Amino acid sequence: MFEFDGQVVIVTGSGSPKGIGKTIAKTFAHQGAAVVIADMNEAGVEATVKEIQEEGGKALGVVVNITSEESVKAMVDKVMDNYGRIDVLVNNAGISQKVTVEDMTLADMRRIFEVNMFGLFLCTQACMKVMRAQKYGRIVNLSSVSGKRGGGVFGGAHYSASKAAVLAFSKNLSREICAEGVTINSVCPGLINTEIWKSLPADAAQKVIDGIPMGRPGETQEVANAILFLASKEASYITGEEIDINGGSHMD
Ligand SMILES: NC(=O)c1ccc[n+]([C@@H]2O[C@H](COP(=O)([O-])OP(=O)(O)OC[C@H]3O[C@@H](n4cnc5c(N)ncnc54)[C@H](O)[C@@H]3O)[C@@H](O)[C@H]2O)c1
């Protein structure tokens, strides 16, 4: 199960050295996929590609700004020139900002939506055209627990709103394309053990942990595992769905 031999998987935001995207990319590579490391961080792209190749995996690096239509088109063109197909798109690239609504500027709000929602839209639209023609595709989006209940520890209300928008967008799109072999699902991680978690002062970290029934943050691998399932051939009858990955801190 969950074999990806011969499949082509794009993971946006996978150039972050300690981020979730890199673990997602490595997980697909371990399962035999050719993985596209797509990020605006050029050094990060090169490092992740090198790491995957050194482990015997297949990886292609693409420096992309997902908020630019031209850049996203160039990414898809490069992938098609190299591989001729796109089986999976993981919309992982995202940004956050810790700011209250009172202090938030319209520019802050626009910046967050520009990446988390509009960039996701551009990547999805460009890849789904290829997937439709193939009559096969899997799209998995990184939303967040804060898109369901608000109150992200590290993000503001604009971040929560953008992640909620991702869920509604996915549900609507799933109805448009599911009859053509393309599914679109989301994952909603709670707090994950990334750099941002490590930067928290001990008392703040303890407060967060107190709200997690499992008593610990999640690991990037635990997010990647759920994504691997949703992106697999085996998940063929699941679309417009959301998987919570939060150690029991939110259930619905
Ligand atoms: N870390 C968590 O606890 C957590 C929890 C819930 C959801 N998430 C979501 O998971 C995803 C990954 O989070 P992370 O913590 O690994 O983040 P991260 O900051 O480590 O990585 C995000 C990557 O996205 C890239 N990126 C940002 N804007 C881009 C753009 N315009 N074009 C291309 N690439 C761009 C960055 O260069 C970076 O490499 C995000 O969508 C985030 O909102 C994270």
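**Around helix H1**

Trainee: What covers the buried residues of H1?

Mentor: The cover includes strand S1 (8–12), strand S2 (34–39), helix H2 (42–54), strand S3 (58–63), strand S4 (88–91) and helix H9 (220–230). Helices (H or I, at least four residues) and strands (E, at least two) are DSSP runs, numbered from the N terminus. Two residues are in contact if their C-beta atoms, placed from the backbone, lie within 7 Å. This is a predicted model, where local features need pLDDT of at least 70 and side-chain atom pairs count only at pLDDT 80 or more, while totals for chains, interfaces and linings use all residues. Residues are numbered from 1 along each chain as its sequence is written.

Trainee: Okay, and which residues in H1 are buried?

Mentor: Ile20, Gly21, Lys22, Thr23, Ile24, Ala25, Lys26, Thr27, Phe28 and Ala29. Buried means that 20 or more other C-beta atoms lie within 10 Å of a residue's own; with 12 or fewer it is exposed, and in between it is partly exposed, with C-beta atoms placed from the backbone. Ten of the eleven residues of H1 are buried, so this helix is largely enclosed by the rest of the structure.

Trainee: How do H1 and H9 cross?

Mentor: Their axes come within 9 Å and cross at roughly 50°. That makes H1 oblique to H9. Axes are lines fitted to C-alpha atoms, for helices over the stretch in contact, and angles run from 0 to 180 degrees between N-to-C directions. Angles under 35 degrees count as roughly parallel, over 145 as roughly antiparallel, 65 to 115 as roughly perpendicular and the rest as oblique.

Trainee: And which residues of H1 and H9 meet there?

Mentor: Ile20, Thr23, Ile24, Thr27 and Phe28 of H1 meet Thr220, Gln221, Val223, Ala224, Ile227 and Leu228 of H9. That contact has seven nonpolar, four polar and no charged residues. Ala, Val, Leu, Ile, Met, Phe, Trp, Tyr, Cys and Pro count as nonpolar, Asp, Glu, Lys and Arg as charged, and the others, Gly among them, as polar.

Trainee: New topic! How many residues surround the ligand?

Mentor: There are 29 of them, and the closest are Gly13, Ser16, Gly19, Gly94 and Ile192. Helix H1 (20–30) and helix H4 (106–134) each give two or more residues to this shell. A residue is near a molecule if its C-beta atom, placed from the backbone, lies within 6 Å of it. The shell divides into twelve nonpolar, 16 polar and one charged.

Trainee: Last one: is Met251 buried or exposed?

Mentor: Met251 has 8 C-beta neighbours inside 10 Å, so it counts as exposed. You'll find Met251 in the segment after strand S7 (242–245).
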